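Please read the points below with the structure open beside you, and look up each residue as it is named.

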Amino acid sequence: MKGNQYTVISTKEELLSYYNKLLTSHPSYKSGVIGGEAWEFSKRGYTQTIDFKWLRFPELASNIFYDLEVDGNNIITLDTKQFVQILMLELIDRNKVPPPQYYQVVLQLVMQRNKLEGRISHSSIAGLLNAILTTRFSDDGLFHTPSLMSHVILFDNNTIKKTIDFCLKYNIDNFIDTSIGDKKLNVVLNNELKELFDITLAQYKKGGTFNFLGLETGQLYADFLAQRFYENHLYSTICLKVLNDIIPNLEHSHQLPKKKKSLNTLISSLLQGAEFTPKFKAAFPSKRTMSGELYRVIPNVVNKFFIKHFNDYRLEASAFNPQTIEKMVEGFGLAARYDASELFRSIAICRFHHKDDDEAERILKRYQEHVKVIIEDSTDFNAILPTGIDFTKVSIQSLYEIMDSLAPPKLNKKNVKEYLSASYKNLMFGDDSFQTYFDFSVALNRVTDAGSELMLTYTGWRGSEYGFSLDNIHKEENTDIIDSAYIPFRFHVNWYVYKTSGKARLNREITSCTYILAEQIAKQHGTDRDLPCLFEFKQGLKFRDKAPNEVQAYNNTSGFTGKNWQAFITHYKPFVDVDVIDSKLSGYKALTGHYRSVDLELLREIKTNLNDSLSRYEVVESTKGSKETNGERVTLSTVYFTELQNGQASNSEVSNMYNKYMSESSLQWLRSQSKPFRELDENVRKKFTKTVNDEIREGLVYPTPHSWRHVWAEAVLTRYEGDIGAVIRHNFKHMSHRFFMAYIRDKADASLFTRAKRTALNNLVQKRLIELEDENPNYVGGFNQFIKKTLSLRNVRIVKNTDELTPSEKRLLAEQISGRVIHFNTDAFANCLPRKGKEGQAKCNQYGDIRPQDACIQFCIGCINADINSGHAKGIIQRITPMIISVLDNAAAPFELPDHIDTFHLAKRRLVEICDAANKKAIDNIIPHIDKAIDKAKICLEEFVHEFA
């Protein structure tokens, strides 16, 4: 082989020397040599490291050698490290700092080659592309990434094709099949993208970020959104109504100034709890801004307006608040039932939306007749009801009274200022300093944004599918005999699903929780029922004449998505608590209250990762602002890019981010323009800005409409894993399988669930591995025994200290185990994880085939395929309660008793095994009743046998 026109390479030393010179002559070279542990490249103050120590990871380490043919027939043999380093130098662009993703793709090629124990063939391309799209290497080994990197980063360099060319150049025949062409790669890549991410290759090439929050981060953010919305909904709704409506009301009786800035500032200050003191008056000189009479009357008008609308809405807002519903459930001793919260929501819908007390009473009576409950001792309502109230005898009026007693008290002249001050402080996360009218309005709208984004969590639709109005939501009575007693209504949104049905409207079912949220968001916006309920009314879109089209709907949905992300990272209570716990002054060692079941180490890890990425996210968000320059208002990004054409951006933080993350090709394009950036066509500016923003956010975890689709799918599959997150507690657990099956009929949604199943199963297995030797594990079942047996057969050492098990080792173990699983089904009382070769041993098997659709507690809690965790305690209790009551009431048929006894024993055993602080009270309450039912069933069975002996 000729290295250049003067050098002939015929030995290994000459080959390594040639490539070493190629490395050190790179314009951005900083340090490193062929055979070294790392290379460094530097440009524009940014250093990129390629770390070859990663080749020691289990997935990459191997004794494979590669023969390179040079100078006609000389053979040079390289080990894996030398092979990878020379391949990297063939791939690197001489004009760029090599992006780390080049190296990632090469590592994926090596991993796939090692796994196959042979060269990468046509049949293994799908597995290779799957790994490139979904996994990354880091200092801790291989991990599944929540974010899909852009096509430009992963594939524009044609790394796979160049690797094939490299193998052809040196006649290497044991790495990859050199007959694999571009067409084959594109076809397989398109299929993998559709299956994994619900996008096509054409969409992927268009650009943008396809990040995925992941369920762990997603449910925490959803929990924050729920808190943000429901804690501030009442206050912010009335404040927005005052700001929008009070000036038109004042215009009927007072002459208002032409410029409303001072008037708006005065009104917003009063809503923040400001006292109308002489000092406060001095800030608003009446002679310059408004008449003395108007100046004196405004505080009284604002207070009266606020008090009236607050008192009109407080009972309704409180009745739909999840905290009120949870207190009702606990207070009536119904905490062991998933369907109780649905009952109280339905009653509130009848009372406040339908204005139909008779309908509410019918729903209550039907539920009372259908459900007999074993009452828990409750202290929540001691001031209202005697402990141990018989829920089956509660009247609708009594229930209304209890519901109302949990609402905030009525406001009047005496207490309104105290309420305004406290509510404003809560809105601003404890900061009670006064905000300008504009900043106050932004803070109020962030509450609405939180509710709108929560809607994405509850539905999992595409961003273009949220243009519906309240008039598009249709309610009907639930006639399904299976669940009509506790789900009285079914709700459907009749709207466009542009991707699959074009301009034909489809009916899609939503939960009562989602319907209520839509009503509350519309009320907060002050939107009419025929206008899009999630969007603020904009005259330019003419929503009254036509519905928003696909692009308008998507843009509006993207507009409110992520508006609370920065507040989540800095103000989410568990994150703040982690800082307190970690401080040396703190005596706390664990989270308390609602968050006691959250894994502290997981929170710490998520918080650290989000904090590390926050600065990049904030820079992108900050450049979306605008300023006036040369008589024209332009975005800050336009200003900075114009400055960057001839130097550096004036904002040092923004300039540093551009230097570090902006691609060389983007910078070259920008500086090659003959005109200043601000004078370019607006569409060109927008496209370039989006490209650079995506480069800065590359690999970051942050919310987008697309990312919520994947959180939704994973939440469906793991809704009984623990109990953190409003998205899980209030919207998923009471749903039937029928609800979810309606989604999966759509092929696009089916592929969404396919990926979610893989992710959920892998995460579940890794979690079980970590907790395997806990003294008090919160999961049990046949699947747990399978994991232990698998590990013992492989002589794998399991340790309590998870730091001794590397992330790569955990992942490899999880893949070995999850690879045996052929199905993943979740239910209230158990997860179903049937394995290859064990179908015939499943309790639900018929003629050798499993039937997960026949899942019931009698089958599942003792099944070889069951995985049962502490989140299933309520489901087990709920399912065995009717059986207990039927035995104690002598209503069980004699032939049922043997099965009942077996189920009672298994249920008791499982409940004792998964008992933890969160469910101990419910379990301690039900165990004595199980024992009584077992004794009674045995006596009845003996009497029956004796009678017919």
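1. Asn-171 is partly exposed, with a relative accessible area of 48%; here buried means under 20% relative accessible area, exposed over 50% and partly exposed in between, with a 1.4 Å probe and protein chains only. Asn-171 is placed in the loop between helix 6 (159-169) and helix 7 (182-197), where helices (H or I, at least four residues) and strands (E, at least two) are DSSP runs numbered from the N terminus. The phi of Asn-171 is near 55°, a positive value in a residue other than glycine. Most residues other than glycine have a negative phi.

2. Before going further, please keep in mind that this is a predicted model, in which local features need pLDDT of at least 70 and side-chain atom pairs count only at pLDDT 80 or more, while totals for chains, interfaces and linings use all residues. Residues are numbered from 1 along each chain as its sequence is written, and side-chain values use heavy atoms, with hydrogens and water left out.

3. Lys-355 also has a positive phi, near 55°, in a residue other than glycine. Lys-355 lies in the loop between helix 15 (340-353) and helix 16 (357-370), and at 62% relative accessibility it counts as exposed.

4. How many salt bridges does the count come to? The count comes to 25, where a salt bridge is a side-chain nitrogen of Lys or Arg within 4 Å of a carboxyl oxygen of Asp or Glu. One of them joins Lys-161 to Asp-165, with the closest N and O atoms 3.1 Å apart. These two residues are 4 residues apart in helix 6, and so they are separated by about one helical turn. Lys-161 is partly exposed at 28%, and Asp-165 is partly exposed at 35%.

5. Another salt bridge pairs Arg-508 with Glu-465, the closest N and O atoms being 2.7 Å apart. Because Arg-508 lies in strand 12 (residues 505-510) and Glu-465 in the loop between helix 19 (437-459) and strand 10 (473-477), the pair ties together parts that are 43 residues apart in sequence. Arg-508 counts as buried at 15% relative accessibility, and Glu-465 is buried with a relative accessible area of 1%.

6. Glu-913 forms a salt bridge with Arg-909, with 3.5 Å between the closest N and O atoms. The two lie 4 residues apart in helix 38 (residues 897-913), so that about one helical turn separates them. Glu-913 is partly exposed, with a relative accessible area of 29%, and Arg-909 is partly exposed, with 48%. Elsewhere, salt bridges that share partners join Glu-37, Arg-56 and Lys-81 into one network.

7. Helix 21 (residues 512-525) has 14 residues, which at 1.5 Å a residue should span 20 Å, and its end C-alpha atoms are 20 Å apart, which agrees; the expected span is 1.5 Å times one less than the number of residues. Helix 21 is mostly covered, with 13 of its 14 residues buried. Just after helix 21, Gly-526 takes a positive phi of about 70°.
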